[in-house]
Amino acid sequence: MQFEIRNHLLFAGGKQAPYRATPNRSGFMNPDTIIDHDTASNPLDPSGDIGWLTMPVARASAHVVIDWNGGITQLAPFNVQCWHAGPSKYGNRYNFNGFSIGIEHDNPGYLRKISEGVYSGVCIIDTNKNPQFKVARVATPEHGDHYWLAYSEKQIAASAALHAALKAAYPEINTVLGHFHICPGRKTDTNPLFPLSQMQSIVRGEAGELAAPIEVKPAPKLSPAAAKPAFAPDATVVADSLNLRGGPGIQFAVKGMIPYGTRVDVQEADKLSGWLRIITPFGATGYVHGGFVRLD
Ligand SMILES: [Zn+2]
């Protein structure tokens, strides 16, 4: 597979990759990191997660989704911030959405064995009916001890080519991490069968034969001012005095109170719990429950 990148992904010959615009994005950035993810969805239903990541209510997105057959769909240009990392920390860096490209791979995440060859998680994985599915039990300190679906060869080949093309377009990229690295205890994607070390060696230029055939037109570099995200209010507080908390739940300490009618910038939403991560007009960040905020 050959393609080049000019903020949008182009296949060899100049044809643009499939593009489904997501509204879930913020300001410009200069990426220096790639975060690899799993969609936590049924690999036989690629439209489901792309549909979700392009809906405003999801408050989540990624730059690309790689489906089970190696098809790549782009959801946002590579030089804008997508909402894939969430509250995140690795080493001495925080809030990875501000400088990383998010790549989603169709994969269900952890599975339980329910009978010989049949596994259950966000969907049923039946290796008897679908022999292309390979499931292995792997335990790591970061992932726990579970069954996992191996990624398809086409998916890994597409991902490797994309990592190489991104490195070529954005030479500052020098780090590849799994979501589990930057959200320990909260995330287990990518699963332990993902070849993260292969992707790391690609962006370090140690996998020559993969990087060589990719043709590249580097993206224009942004000034630091342009890369800084702006406060972009998109919701209104509808409680008399809303608690701003240090984390997504009432067990987290109250950091302050937000008056009725205040306009806030929603950065991320947890679709299960309903908690939102927000920025206030005064620059404070924290969490509020979505029931007390009306989205535009
Ligand atoms: Zn993830």
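Reader: Is D189 buried or exposed?
Author: D189 is buried, at 9% relative accessibility. Buried means under 20% relative accessible area, exposed over 50%, partly exposed in between (1.4 Å probe, protein chains only). H179 is buried too, at 3%.

Reader: What kind of model is this, and how are residues numbered?
Author: The model is predicted: local features need pLDDT of at least 70, side-chain atom pairs count only at pLDDT 80 or more, and totals for chains, interfaces and linings use all residues. Residues are numbered from 1 along each chain as its sequence is written, and side-chain values use heavy atoms, leaving out hydrogens and water.

Reader: Which protein atoms are donors of the zinc ion?
Author: Donors are N, O and S atoms within 2.8 Å of the metal (3.2 Å for Na, K and Ca); water is not among the atoms, so sites may look incomplete. Here the protein donors are H37 (ND1), H179 (ND1) and D189 (OD), 2.0 to 2.1 Å from the zinc ion. Their spacing along the chain is H-x141-H-x9-D.

Reader: How many disulfides are there?
Author: A disulfide is a pair of cysteine sulfur atoms within 2.5 Å. The whole structure has zero. C123 is buried at 10%, and C183 is buried at 3%.

Reader: What is the strand order in the open sheet of three strands?
Author: Strands of a sheet pair through backbone hydrogen bonds, either parallel or antiparallel. Strands (E, at least two residues) and helices (H or I, at least four) are DSSP runs, numbered from the N terminus. Two strands pair if DSSP finds at least two bridges between them. Here the order is 11-12-13, with antiparallel pairing. The edge strands are strand 11 (112-115) and strand 13 (124-126).
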